[in-house]
Amino acid sequence: MTIRNDAAEADAVLRVRCPIANFSEKHTVDRGEGAPAMREVKSIPVPANKTVELKRDGFHVMLLQTRQKLVNGETFTCAVVFQKAGTKETEVQVSRMP
Ligand SMILES: [Cu+2]
């Protein structure tokens, strides 16, 4: 997911709700000594006038306790709750990891 903030104020992703999952967590990936490790964060920062790309080796949202089997190519809608911009819906497409 790519988030573009055209505002002059910083924003942040507070929550993501998807109908197919009971929970979601916001994660970042720490790289120190040893293997990279995921860590939960309270929010994902979206700086003013910046574009933030969520990806598996950086900030990302993880869906937990999925209620149905995810099928490659299927789509569903998630609600993304921003601190300033409010709730925005986005379509998500399931894709198999390469
Ligand atoms: Cu994660």
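Predicted model: local features only at pLDDT ≥ 70, side-chain atom pairs only at ≥ 80, totals over all residues.
Visitor: Which residues coordinate the copper ion?
Guide: His27 (ND1), Met38 (SD), His60 (NE2) and Met62 (SD) do, at 2.0 to 2.3 Å. Donors here are N, O and S atoms within 2.8 Å of the metal (3.2 Å for Na, K and Ca), and sites may look incomplete because water is not among the atoms.

Visitor: What is the geometry of the site of the copper ion?
Guide: The site is tetrahedral, with angles of 94 to 121° among the four donor atoms. Four donors get that label if all angles lie between 85 and 135 degrees. The ideal angle for four tetrahedral donors is 109.5 degrees.

Visitor: What spacing do the donors follow along the chain?
Guide: The donors of the copper ion follow H-x10-M-x21-H-x1-M. Met38 in strand E4 (residues 37-40) and Met62 in strand E7 (residues 60-66) are 24 residues apart, so this pair links distant parts of the chain. Strands are DSSP runs of at least two residues, numbered from the N terminus.

Visitor: How accessible are Met38 and Met62?
Guide: Met38 is partly exposed at 46% relative accessibility, and Met62 is partly exposed at 28%. The classes are buried under 20% relative accessible area, exposed over 50%, and partly exposed in between (1.4 Å probe, protein chains only).

Visitor: Changing topic, how many disulfides does the structure hold?
Guide: One. The disulfide joins Cys18 to Cys78, S to S 2.0 Å; the cut-off is a pair of cysteine sulfur atoms within 2.5 Å. Cys18 sits in the loop between strand E2 (11-17) and strand E3 (21-30), and Cys78 in strand E8, 60 residues apart.

Visitor: Right-handed or left-handed?
Guide: Right-handed, because the torsion about the S-S bond of Cys18 and Cys78 is about 115°.

Visitor: And are the two cysteines buried or exposed?
Guide: Cys18 is buried with a relative accessible area of 10%, and Cys78 is buried at 2%.

Visitor: What about the largest pocket, how much space lies in it?
Guide: About 980 Å³. A pocket is an open set of points on a 1 Å grid over the protein atoms alone, where a 1.4 Å probe fits, with protein on both sides within 12 Å along at least five of seven lines. The volume is the space filled by probe spheres set on the points.

Visitor: Which residues line the largest pocket?
Guide: The lining has 25 residues, and Val61, Leu63, Val92, Gln93 and Ser95 lie nearest the centre. Lining residues have an atom within 4 Å of a point. E7 gives the most, with five residues. The lining divides into 16 nonpolar, five polar and four charged residues.

Visitor: Where are the positive phi values?
Guide: Asn49 has phi near 55°, and Gln65 has phi of about 50°. Asn49 lies in the loop between strand E5 (44-46) and E6 and is exposed at 55%, whereas Gln65 lies in strand E7. Most residues other than glycine have a negative phi.

Definitions and conventions: Residues numbered from 1 in each chain as written. Heavy atoms only, no water. Tetrahedral: all angles 85-135°; square planar, octahedral: opposite > 155°, others 65-115°. Helix = DSSP H or I, 4+ residues; strand = E, 2+ residues; numbered from the N terminus. Nonpolar A, V, L, I, M, F, W, Y, C, P; charged D, E, K, R; others polar.
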